[in-house]
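User: Could you help me learn to read a structure that I have not seen before? I would like the general idea each time, and then the case at hand.

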Amino acid sequence: MALKNTIFCRLFFSVSIPVISAFLVQPTLAQRPDFPSITSDEIEVLPVQGSITMIATGGSNIAVMVGELGLIVVDTGNFEASANVADAIRELSSLPPRYIINTSVLPSHLAGNEVISEIGGVEALIGLNQDVGIPIVGHANGLSLLVAEFIDAIPYEVWPNSTFFSEHKALYLNGEPIEILHQPAAITQSDVLVHFRGSDVLVTGDIFDTTSYPHFYPEYGGSLQGLIDALNSIIEIAVPEFNQQGGTLIIPGHGRIASESDVVEYRDMVTIIRDRVQLMIDDGLSFEEVLAAHPSLEYDGIYGHDSGEWTTRIFLEAVYAELL
Amino acid sequence: MRQNSLATKVVVVFLLQFNTLNFVNNLARAQPIPVASEAFDISGMWSALVLEDWYDRLPGAGLGEYTGIPMNAAARQKAETWDASILSQPERQAQPHPAQYSFRGPRPNLSIDRIVDPVTREHIGYQTYGTFGNADRTIWLDGRPHPSERYGLHQWNGFSTGEWSNGMLVVTTTHMKYGVYQRNGVPASPYAVMTEYWFRNGEYLTMVSHIEDPIYLEEPLVRSQTWIWNPPQVVDLRRAFEPVEEVAMDPGWVPHWPLGTKHLDMANRLGVAVEATTGGAITIYPEYRETLRQMREEFDKNQAGE
């Protein structure tokens, strides 16, 4: 009996000790990542696919197309990071930008326009007069907004200088078509999506933001419904490769590189919150009553903020105001 | 949250008993037993052992069945308002199960291949096949870093790396998509981190998964799965999912139940109050049985009109 117990104990511990000790290896701690602030000069460079690289800044994400005929830069981020962004672009290619495209005229997207447009070599490449600068493409509604709202706040040098007023503009560079698609009333009245059709990368600006509830500006022509329409446009354009992932990759205004299914989650979230708030308004609830019902509870941990310019409360106030 | 929970310890004790018995059984059959070390291999054909957990893993938990899931209030709201019709959206029809769930059900029977560096012949990873919707997973063993925490692409399978530690293969998975922990809408956030502990005992392969989710879980979710070696098993290359048009639906259609919805199916079936089905960390501990018993008594009294 004693021998049997001894064998059992040896067997037990020979198996159990590795098992127990394995659990002493502490799992990696899960957490929602912090992102650099808009005054930070921090950047991070990530290859996306095809000819597209993403440079993340505290202002906005930047997309850079690199090819043998030069670069296209979509958005230029915050001013504080623009010197680092310029250095990163020089490391990607010795060629200069041929175009800058702004997805919005919000300062966080165009503050670096002047610094990036000054990356040298334009004259040598295409014979342009340096004083002319390179085209900064944006929707004409953005110019109206700049004149009306930002004329003192944003220097003229960073304004788009090559605007279009239709719903669609197309470019072709480095063997690749590039479509610029106006979204009329999303974050502001001036948002555009930029689709690199060869690389199959879609740059959305702040219409899609993996770090926050959508920050739309009714005072600048933005709206909740226009935002949902724009998100549906992104889903319509994107084509997943397999298992609802891969294929078209999406660079959001802020946060991580994504595929269509991530936008679907975001669109569903905004739509569900809209429907809930609308139902409560129809039932006669005040804003404070809506807030107390926690219509965004399951999404607050992912997209919500308790402080800063765009808190969960402010987002819900904007939703309520539009639907009232 | 940061400490292994009591639930983890309960699972470990259970597995120790299982492992010890299995060890003795194998010894009696005089079969060679791989010693738990860094040399063991998990490649091969493995059939899922689905026993007392068949209901949870094959048909899957029904609407409103959250008992045993340490979910928080945010997760509960997401699950209770989740409408299964959402899987009819064209852009969701080809979704596979995410890594947080794919080794849980239905079954799956696995084929696991070694990934070998074509030049050095060094063993650098494992590739798994057989999960629902071809949600094949890759586990890298060559020490490569995980993608950027802030900006890296998330996939249904996340990004998995493994290392041999204390006689086990410890796999860490990050960068999973917004998914589910069960097929009834219990959400899994993209910020979850899953740690899997793989170990072999003879012909048995066991994996204990430990998931921390700062958004939706009050405590780590710990589950175990075991497979048995089955060389003749065939895991075929299944056809990829493809969205199809079944009924006309408006673009942007997002079905969901209104706030306050309670799914009573499980409560009615088992004859318990709905509170007994709504999950939470408290429901994973043995002491909760007493709470359930009291709820049942109260339910019976109410039914009897007392």
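Analyst: We will go through strands, cores and a helix in turn. This is a predicted model, in which local features need pLDDT of at least 70 and side-chain atom pairs count only at pLDDT 80 or more, while totals for chains, interfaces and linings use all residues. Residues are numbered from 1 along each chain as its sequence is written, and chains are lettered from A and ligands numbered from 1 in the order in which they are written.

User: Where do I start with strands, and how many bridges join strand 2 of chain A to strand 3 of chain A?

Analyst: Strands (E, at least two residues) and helices (H or I, at least four) are DSSP runs, numbered from the N terminus. Two strands pair if DSSP finds at least two bridges between them. Here, strand 2 (residues 52–57) of chain A runs antiparallel to strand 3 of chain A, with five bridges. A:Ala56 faces A:Asn61 across this pair, and three residues lie between the two strands in a hairpin.

User: Is strand 3 of chain A mostly covered or open?

Analyst: A residue is buried if 20 or more other C-beta atoms, placed from the backbone, lie within 10 Å of its own, exposed if 12 or fewer, and partly exposed in between. Strand 3 (residues 61–67) of chain A is mostly covered, with five of its seven residues buried.

User: Which residues have the most contacts inside the largest nonpolar core?

Analyst: A nonpolar core is a set of buried Ala, Val, Leu, Ile, Met, Phe, Trp, Tyr and Cys residues joined through C-beta atoms within 7 Å. The largest one has 114 residues, and A:Ala63, A:Leu231, A:Ile234 and A:Val263 have the most contacts inside it. Helix 8 (residues 260–282) of chain A gives the most to this core, nine residues.

User: What about chain B: in what order do its strands close into a barrel?

Analyst: Nine strands of chain B follow the order 1-2-3-4-5-6-9-10-11, with mixed pairing. One parallel pair is strand 4 (residues 137–140) of chain B with strand 5 (residues 159–165) of chain B, over two bridges; there, B:Ile139 stands opposite B:Ser160.

User: Why does helix 6 of chain B lie largely in the open?

Analyst: Helix 6 of chain B lies largely in the open because the number of buried residues among its 17 is zero. B:Gly305 follows this helix, with a positive phi near 80°.
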